[in-house]
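User: I'd like to learn how to read a few features of a protein model. Could you walk me through them one at a time?

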Amino acid sequence: MPPSSPPVSDLLSPRLPHTMRAVVITGHGDLDVIEEREVPVPRPGPGEVLVRVHAAGCNNTDLWTREGSYGAAEDPDVRTGWLGPLDFPRIQGADVAGTVVASGDGAATGLVGTRVLVDPAEYDGPGPDARPADVLGSERNGGFAEYVVVPSARAHSVDESPLTDVELAALPIAYGTALGMLDRGSVSEGHTVLVTGASGGVGLAAVQLARSRGARVVAVCSGDKGEAVRSAGADAVVDRRRDEVLADAAAAAPEGYDAVVDVVAGAVLGPGLGLLRAGGRWVVAGALDGWAVNIDVRRLYLANLSLVGSTMHTPRIFDHLVEIARRGDVRPVVAATFPLGQVREAQAQLARRRHVGKLIVVP
């Protein structure tokens, strides 16, 4: 008989504190539901590790989950998280970079002491293209805390990465989502790509990742953010404040686009299909300008176009993102960092959308 795994208590460092600082949301609502508290340090169970959080990224999903904006469309009074009702209090923060400090069983003791990037998703199946079934900081307590428990299979070693912890924490949701969009849009070297919402987390990630693939990138953003988006890798910028997005995008790529990476949707999507070359792909992963759109389906079938939905990443996509992080192929743009006690201010700044790049919490 093989020896049994040692008890969790034997795998926990005696130097670990019993309590930690964490920021929780106490319910759905405005910024006043965000509270800093002293809570017990969580203990990892079998198949889990305890990560000391060095940095945790902020995302729009934090805002919308706190507000309960994912409620059922048929009942606007229902307030839920992204994947359904939440238990409160809940520690948000899906994007985590840190160091493994304890293991819940003997199987993952080799990770202790390892610098890791955490995949925030648990999946609905074992395959490489499985869909997220729950997400760190939503269905499970996340990284706006000093410590977080995660499945050991989701803690990826990045010891060799040249990126800082703050840069690593910018990657999971935004860059994972953008990488999934580029993958579903079959973006490769020599392609011309239009990116909407290009100054936001996912949009700017798409700019950088598409450029790293050798694509020509045209980015849509407000004019005051144009230089920052160009610096991140855009070849041309369309100023959305001119209210001539379609005409300006067409002028920037007279031969059309191989793919559009869209986090905005709204009124532009339907007529925007005319920007695509024959066989082009319009990949959408957001609806910042509205979820109800009008489409002339003749544009789709007469030009063999594809309209593709894309939600977050898959295990295969995240593995690819980890390799990008290990090599440092892309250096994430970080707009600002905040101490743990200023999560409320970080979310307020995120909602104002005046920044370019990611906002990161540093416990």
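This is a predicted model: local features need pLDDT of at least 70, side-chain atom pairs count only at pLDDT 80 or more; totals for chains, interfaces and linings use all residues.

User: What is the phi of Ala265 near?

Analyst: The general idea is that most residues other than glycine have a negative phi, and most peptide bonds are trans. Here, Ala265 has a positive phi near 55°. Asp243 also has a positive phi, near 60°, and sits in the loop between β13 (236-239) and α7 (245-252).

User: Is Asp243 buried or exposed?

Analyst: Exposed: its relative accessible area is 68%, and the cut-off for that class is over 50%.

User: Which peptide bond is cis?

Analyst: Look at the step from Phe88 to Pro89, which is cis with omega near -5°. Pro89 is in the loop between α2 and β4.

User: Let's move on to strands. What is the order in the open sheet of 3 strands?

Analyst: In general, strands of a sheet pair through backbone hydrogen bonds, either parallel or antiparallel. In this model the order is β2-β1-β4, with antiparallel pairing. The edges are β2 (34-40) and β4 (90-91), each of which pairs on one side only. Between β1 (residues 19-25) and β4 there are 2 bridges, and Val24 stands opposite Ile91 in β4.

User: Which elements do the buried residues of α11 pack against?

Analyst: They pack against β1, β2, α2 (60-67), β17 (334-339) and β18 (358-362). The buried set in α11 (residues 343-352) is Val343, Ala346, Gln347, Ala348 and Leu350.

User: How much space lies in the second largest pocket?

Analyst: About 270 Å³. It is lined by 18 residues, and the closest to its centre are Met20, Pro42, Ile91, Asn141 and Gly142. Two or more lining residues come from each of β1, β2, β4 and β9 (147-151). β9 gives the largest share, 5 residues. By class, the lining has 12 nonpolar, 2 polar and 4 charged residues.

User: And how many disulfides does a search of the whole structure find?

Analyst: A disulfide is a covalent bond between the sulfur atoms of two cysteines. The search over the whole structure gives 0. As for individual cysteines, Cys58 is buried with a relative accessible area of 3%, and Cys221 is buried at 2%.

Note on methods
Residues are numbered from 1 along each chain as its sequence is written. Side-chain values use heavy atoms; hydrogens and water are left out. A disulfide is a pair of cysteine sulfur atoms within 2.5 Å. Buried means under 20% relative accessible area, exposed over 50%, partly exposed in between (1.4 Å probe, protein chains only). Two strands pair if DSSP finds at least two bridges between them. Helices (H or I, at least four residues) and strands (E, at least two) are DSSP runs, numbered from the N terminus. On a 1 Å grid over the protein atoms alone, a cavity is a set of points where a 1.4 Å probe fits but cannot get out, and a pocket is an open set with protein on both sides within 12 Å along at least five of seven lines; lining residues have an atom within 4 Å of a point. Grid points are joined across faces, edges and corners, and a volume is the space filled by probe spheres set on the points. Ala, Val, Leu, Ile, Met, Phe, Trp, Tyr, Cys and Pro count as nonpolar, Asp, Glu, Lys and Arg as charged, and the others, Gly among them, as polar. Contact means heavy atoms within 4.5 Å.
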